Amino acid sequence: MFKILLIEDDISLYHEIKERLTGWSYHVSGIKDFGNVLQEFSTFKPDLVIIDIQLPKFDGFHWCRMIRSHSNIPIVFLSSRDHPMDMVMAMQLGADDFIQKPFHFDVLIAKIQAILRRVYNYSTEPVQLKTWCGATIDYERNMVTNENGTIELTKNEIFILKQLIEKKNKIVTREELIRSLWEDERFVSDNTLTVNVNRLRKKLGEIGLEPFIETKVGQGYMAIEEELA
């Protein structure tokens, strides 16, 4: 049974979401002290976090940042705020998805199921290490290492990198990536993919690998293998 931590201060909404998720056999827990979210997260050890932006004491961005400093667990924002920068901020902090309130429960369930399948199933593959452009990709630990150092990626970022490397020197369309990541593109914002890829490239740039992920305007992305001139 997957464990979900629901960080939501609207009591009626919390109970409604909990009831729906429990009906899908998820173990759902809430927050008792909104000034101590990180401790309750560490104690519960969830498989996925759903978090609102507007919370007592500290907002959801703060707690997303704190959780990300300790864990690469999937994080889904659920918020009534509709400014595009809210979603961009969430993705830049390492969130896996952003769902705007009011929402349809079927969409929420579908997104949760897709994320859990992606995060906890693909890593069971027998080969967990891959060499690319002089770097070692550790799919199980979400890490990329070369002579310039080591970076740690989120589940989305490592999955995107994996898809590109598996088809190296070939263009992977945005539609292919969306289908691979979320399994049903009807539930995905195109901007979500852009933010994830940009964040991946920025991290790769820290160890000199950004030039090896090329953007093909109007087509998609490509991981190149050969050395650049």
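I began with the lining of the largest pocket: Arg68, Val88, Gln92, Leu93, Gly94, Thr154, Val195, Asn198, Arg199, Lys202, Lys203 and Glu206. I looked up which elements give two or more residues to this lining, and found α4 (84-92) and α8 (190-205). The most comes from α8, with 5 residues. I note that the model is a predicted one.

Next I took the volume. The largest pocket holds about 210 Å³ of space. I then sorted its lining by class and got 3 nonpolar, 4 polar and 5 charged residues.

I turned to the backbone. Most residues other than glycine have a negative phi, and most peptide bonds are trans. I searched for exceptions.

Which two residues does a cis peptide bond join? I found lysine 101 and proline 102, with omega at about -5 degrees. I placed proline 102 in the loop between β5 (97-100) and α5 (105-121).

Then I checked phi. Lysine 57 is not a glycine, yet its phi is positive, near 75 degrees. I located lysine 57 in the loop between β3 (48-51) and α3 (60-68). Asparagine 142, also not a glycine, has a positive phi of about 60 degrees. I traced asparagine 142 to the loop between β7 (135-138) and β8 (143-146).

Is lysine 57 buried or exposed? I read 64% relative accessibility for lysine 57, so it counts as exposed, the cut-off being over 50%. Asparagine 142 has 3% relative accessibility and therefore counts as buried, since buried means under 20%.

Technical notes:
Residues are numbered from 1 along each chain as its sequence is written. This is a predicted model: local features need pLDDT of at least 70, side-chain atom pairs count only at pLDDT 80 or more; totals for chains, interfaces and linings use all residues. Side-chain values use heavy atoms; hydrogens and water are left out. On a 1 Å grid over the protein atoms alone, a cavity is a set of points where a 1.4 Å probe fits but cannot get out, and a pocket is an open set with protein on both sides within 12 Å along at least five of seven lines; lining residues have an atom within 4 Å of a point. Grid points are joined across faces, edges and corners, and a volume is the space filled by probe spheres set on the points. Helices (H or I, at least four residues) and strands (E, at least two) are DSSP runs, numbered from the N terminus. Ala, Val, Leu, Ile, Met, Phe, Trp, Tyr, Cys and Pro count as nonpolar, Asp, Glu, Lys and Arg as charged, and the others, Gly among them, as polar. Buried means under 20% relative accessible area, exposed over 50%, partly exposed in between (1.4 Å probe, protein chains only).
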